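Please read the following briefing alongside the sequence and the coordinates, which are shown first.

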Amino acid sequence: MLVRVDPASETPLFEQLASSIRQSVIDKSVTAGERLPSARELASSLGINMHTVLRAYQELRDEGFIELRRGRGAIVSATAHRYDSLADGIEAIVAEARAQDVSLALLTALIREEYK
Amino acid sequence: MTLPAENVSPRLTSNRRLIVVIGVVIPLLITLVGSFVMALWTPELPNPVASHWGVNGPDGFTTVGGVIALPLLITLAFAAFAAIVSWKGAPQGGLLWAHKILIATSVFLAVLLTVVSSGSLAIQRGLESAESAGDIGGIMVAAFVIAALLALFAWLMLPAAELITSSAVAAEPIEGSDAQRVHFSTSTRLGPGVVVIAVAALVALGLALAIQAFTNPAELLLPASIGIIVIALAVSTLSWRVTIDRRGLRVRSAMGWPRTTIAPDQVQSVAVVDVNPIGEFGGYGWRWAPGGRSGIVLSKGEAVEVTRTNGKKFLVTMHDAKGAAVALATVAKK
């Protein structure tokens, strides 16, 4: 699992951390059942506050990507890959949008319209 | 039945001929001749014959047939194993040194077993009872020397071993501000096939120790301590934790030991390489290879390879070696 955070960026650290880990789950560099480093370990490794890591982990838990268990740390949940088919679909849509020179703003507007 | 046509290079074809002749035909011929000679001696031999010697002379007995059959069976099994393993050859159609060792060992085993068994029968010819058979220490030493010489000869008959050189793909640091921090962690395990073989070997070792504990507890200490060290080493090799961050590359066995760290300022460059454990390192585990190369070699395939500032190389096989290489290159840049 490759995690990167940039304290100089405007995006909050916990958000960067969560999106890094989410990306690792989506590209399968971590798989279901794998244990993530403990919040304390990851915090000291990245030189950031442990509560920042915990906040990112909690967000990922709410999205169903990981399970948090007392004493066992964070584990990639079995349901983490349920977004795989969605990700494949989005990949196809984005490729189609690029081919037709559709901007990101227009694409999101189209998706928002459809989602209603 | 026709087999699908196989596109085999001429070099591999000639090597296969050598594999069959040196690794299978010659060892089998040696044991067959030995068996034939021993069979001729049968009328002159006591029944049963001595087959095992202790400190005070013979202490194990069996039939002549048993002594004749054992070298044949072991040679047949080992020669088949050596031929099957080396049949595919190295990627360029040559032989790996692991293949050469197997073929030479096939010759070694055949000669050793044939000389020991025929020698042990030779000294029992004309005896009333096998109890009075003389010492076979001299035969053992002679057998070992002859077998080693013929194995060396077999080794020299084989072509020079093909060395596998993997092409390294250098890793570039992640683009981003100097303030960015990276963390990479993964666990990497011994491949399932290797685990099965290792577990089988360890179970056999455990059984041998258990038998020793029942039959001869007095001489248990040395084999037991060696056995426990071997088992501990094997278990510590099974699974490793790899962490890369601003403190460098840390690799740690799941048991906590052995472990190693390479600090960022010791890193010259990082690359992704394709590793062939048998061909390049002669096996699995924490391995050393010629040319200042060492590493945790657990499976065939991708590995992250670090070239240190002192020129030595260290690698770890893993899934997602690309991610690890990029992370370490980013850390080392600073």
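**Chain A and the cores of chain B**

Chain A has five helices and three strands, these being DSSP runs numbered from the N terminus, with helices (H or I) of at least four residues and strands (E) of at least two. This is a predicted model, in which local features need pLDDT of at least 70 and side-chain atom pairs count only at pLDDT 80 or more, while totals for chains, interfaces and linings use all residues. Residues are numbered from 1 along each chain as its sequence is written, and chains are lettered from A and ligands numbered from 1 in the order in which they are written.

**Chain A**

- From the N terminus on, the elements of chain A follow the order β-α-α-α-β-β-α-α.
- Of the 116 residues in chain A, 26% are buried, a residue being buried if 20 or more other C-beta atoms, placed from the backbone, lie within 10 Å of its own.

**Cores of chain B**

- In the largest nonpolar core, of 60 residues, those that touch the most other members are Val270(B), Val304(B), Ala324(B), Ala325(B), Ala327(B) and Leu328(B); a nonpolar core is a set of buried Ala, Val, Leu, Ile, Met, Phe, Trp, Tyr and Cys residues joined through C-beta atoms within 7 Å.
- Helix 8 (residues 321-333) of chain B gives the largest share of this core, nine residues.
- Another core, of 29 residues, lies apart from it and includes Val24(B), Leu109(B), Val116(B) and Ala147(B).
- Leaving aside neighbours within four places in sequence, Leu328(B) is in contact (C-beta atoms, placed from the backbone, within 7 Å) with Ile244(B), Leu249(B), Val267(B), Val270(B), Val304(B) and Val306(B).

Key: A residue is buried if 20 or more other C-beta atoms lie within 10 Å of its own, exposed if 12 or fewer, and partly exposed in between; C-beta atoms are placed from the backbone. Two residues are in contact if their C-beta atoms, placed from the backbone, lie within 7 Å.
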